[in-house]
Amino acid sequence: MPQSVLSLPISASSQEWLIRNGYRTVADIDEERCEDGKDTTLLRIKSLLKAQPEPKRVTAWSHIQQRRSQHHFLTRLDALDTLLGGYGLRLGSIVEVLGDPGSGQAQLCLQLCMAVQLSTLSHGTGMRAVYVDCVGSFSATAAEKICQGTLDKISVFRVYAAHELMAFLMSFDNVCSRMDGRVGLLIINTVSWPFLASFSDDLLRRQALQAAAASLISQIASKRNITVVLVSQAKATSVLSTSTASSDGGSGRNAAARWPASMDGDVWSRISTHRIALRRVAGSSPQTAPLRGDGDALAQVRDYVAKLHGELCKETLRVGIPFKASSVATGCKYHQCVLLEEQGNPALALANGIARQHWNATNQLDFYPHASLVYGDYTSAKREEIAADVNSKLPEDIEQLSFFAPEIHVVQTTGPCEEWRDIGSIYLSG
């Protein structure tokens, strides 16, 4: 198939000039023989193509080694982290998020802004997030609620048209150089909208600019080793087939399920390493199963430990689930006053997922692995004071601090912490 001139690494104006003058493919340019000075525009385009550097050759083994050396950060959403292999999002990856209106794209983006700041990959200080708002959906109130007072590390840029987004992508290095701290996350919400707004009736021009933007985004993710999240406008299609069981127990039929697809085709999915499709589910959240007395509480915990024995290795259950500290933090809730944040490990994430299913709490609070150090109703200033005191007593390299949890201690937490009551302990070893 002939290579289109729209795929050439030249400016959009040069591509437009070629098409307007009858050059549709690269072969048309190669066959054209023009005299010196006859057509300076064509000569300039040819010289630009000759000056393009050759692609860098990388072996498959070196590519694998490079991937293994790249770091990850947890999204702090246990179900999503589990789907991503238990390690969260990889730095240098591109993630496309699409779904129906109201399915939670903006909330997910804000959650990721908080998660990247809680990571300890940048000398233990967390990383910054850059949020490009293309549709005016960024809410400072929602960001403050989700990000829990860490808004100073989220830089928000508002763009309205395609040329503004392209200019931002081309000057992204300069944007990062003016920021205090390493940028670990770039979010563009909604990436298709500036192109639709600028060229609603010109599909050819819109696709050409989107392809150029996709190339710039790939370069940003690879060169700066940051995670890029692209929220794309979605439309409903019936493209996913699922197998369902029949009511009589026989073989099921293939039923078409409603699944979101990008409004502008697959231009963004082609450069994405992951696609997250969100769907709004009607109905209320299930209630958590209550604990009916001390004996019933311990019995439920024993049943839970039995389920762990079917999922976790025996050595982990014998020694205990590992906990590796990452930093000291203060929470905004009563039971998260001062705490040790955990680096995140698959065993702990799996144990949490099993617990949520066991107690019918899959739609409850997001997974936030930590070890609470101080409980109490303290002011923000007092919490910071306590956290500073804790930090002074811990090793300088806090990431070397680790321990194992060999048992589950059951506590009745009704009322203030002074009234909490110990119920008993169950060892993971059985």
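**Chat: a loop residue, a sheet and a helix pair**

Q: Where is Thr190?
A: Thr190 sits in the loop between β6 and α10 (193–198). Helices (H or I, at least four residues) and strands (E, at least two) are DSSP runs, numbered from the N terminus.

Q: And what kind of model is this?
A: A predicted model: local features need pLDDT of at least 70, side-chain atom pairs count only at pLDDT 80 or more, and totals for chains, interfaces and linings use all residues. Residues are numbered from 1 along each chain as its sequence is written, and side-chain values use heavy atoms, with hydrogens and water left out.

Q: Back to Thr190, is it buried or exposed?
A: Thr190 counts as buried, because its relative accessibility is 12%. Buried means under 20% relative accessible area, exposed over 50%, partly exposed in between (1.4 Å probe, protein chains only).

Q: Which residues does Thr190 touch?
A: Leaving out residues up to four places away in sequence, Thr190 touches Cys134, Val135, Val231, Ser232 and Gln233. Contact means heavy atoms within 4.5 Å.

Q: What's the strand order in the open sheet?
A: The 6 strands go β5-β4-β6-β7-β3-β10, with parallel pairing. β5 (154–158) and β10 (274–278) are at the edges with a single partner strand each, so one side of each has no neighbour in the sheet. Two strands pair if DSSP finds at least two bridges between them.

Q: How many bridges join β4 to β6?
A: There are 6 between β4 (residues 128–133) and β6 (residues 183–189), and the two strands run parallel. One of the pairs is Asp133 with Asn189 of β6.

Q: Which strands does α6 lie across?
A: α6 lies across β3 (94–99), β4, β5, β6, β7 (227–232) and β10, and runs at about 170° to β6. Axes are lines fitted to C-alpha atoms, for helices over the stretch in contact, and angles run from 0 to 180 degrees between N-to-C directions.

Q: Switching to helices, how do α6 and α7 pack?
A: α6 (residues 105–118) and α7 (residues 140–147) pack at an angle of about 50°, axes 9 Å apart. That's therefore an oblique pair: under 35 degrees counts as roughly parallel, over 145 as roughly antiparallel, 65 to 115 as roughly perpendicular and the rest as oblique.

Q: Which residues make that contact?
A: From α6, Gln107, Leu110, Gln111, Cys113 and Met114; from α7, Ala142, Ala143, Ile146 and Cys147.
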